[in-house]
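Trainee: I have the model open beside its sequence, and I would like a close look at a single part of it. Please pick one and take me through it slowly, with the cut-offs behind each term.

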Amino acid sequence: MKFIIISIISFYFTFYSFSKEIIIDMLNKRDDGQKMVYSQDIAKIALGDTIKWLPTNGGHNVEFLAGPEGFELPPKSYINKEVSITFNKSGIYLYVCSPHSIMGMIGLVIVGNDTSNKDSIISYDIGGKGTRKLKKLLEGI
Ligand SMILES: [Cu+2]
């Protein structure tokens, strides 16, 4: 019995220690001088990881526009509210800040090093600076 309990506990820690939480800030200005921006343009994470977006500066949110096939787009987050999403499907995800997407406030999440849906993501027309930035980011991966 003792052995079984120890096995269950060690399985629990083995399993959960691999899942990480990554923090991304919503910013008016980043250290590199870019305005209306997330703290990371591209977040490369492992399957099962969670990203938590923090409303570090006001007026921003997180709205998912696209992801790998079968991914159900979550409802867009409220302005000035923290949001957490766990990624259980590998591939590229595209999200934007609803009020600032055309100013280039966009981000990509790449889960499990899987870029197989790159062509479908690159065709997404965000508008304005958002579209240009998306192409630039995807060219770099
Ligand atoms: Cu914004």
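This is a predicted model: local features need pLDDT of at least 70, side-chain atom pairs count only at pLDDT 80 or more; totals for chains, interfaces and linings use all residues.

Mentor: Happy to! Let's take the open sheet of four strands with the order 3-8-7-5, whose pairing is mixed. Strands here are DSSP runs of E with at least two residues, helices are runs of H or I with at least four, and both are numbered from the N terminus. Two strands count as paired when DSSP finds at least two bridges between them. At the edges stand strand 3 (42-45) and strand 5 (63-66), and each has a single partner strand, so one side of each is left without a neighbour in the sheet.

Residues are numbered from 1 along each chain as its sequence is written.

Now look at strand 7 (residues 91-96), which runs antiparallel to strand 8 (residues 106-111) and is joined to it by six bridges. Along this pair, L94 stands opposite L108, and V96 faces I106. Strand 7 also runs antiparallel to strand 5, here with three bridges, and the bridge partner of F64 is Y95.

How many of the six residues of strand 7 are buried? Six of the six are, so the strand is largely enclosed by the rest of the structure. Buried means that 20 or more other C-beta atoms, placed from the backbone, lie within 10 Å of the residue's own; exposed means 12 or fewer, and partly exposed is in between. For the protein chain, buried residues make up 26% of the 141.

What lies across the strands? Helix 3 (residues 128-139) lies across strand 3, strand 7 and strand 8, and runs at about 30 degrees to strand 8. Contact here means C-beta atoms, placed from the backbone, within 7 Å.

To set this part in context, the protein chain has three helices and eight strands, in the order α-β-β-β-β-β-β-β-β-α-α from the N terminus. Another open sheet of four strands has the order 2-1-4-6, also with mixed pairing.

How values were computed:
Two residues are in contact if their C-beta atoms, placed from the backbone, lie within 7 Å. Axes are lines fitted to C-alpha atoms, for helices over the stretch in contact, and angles run from 0 to 180 degrees between N-to-C directions.
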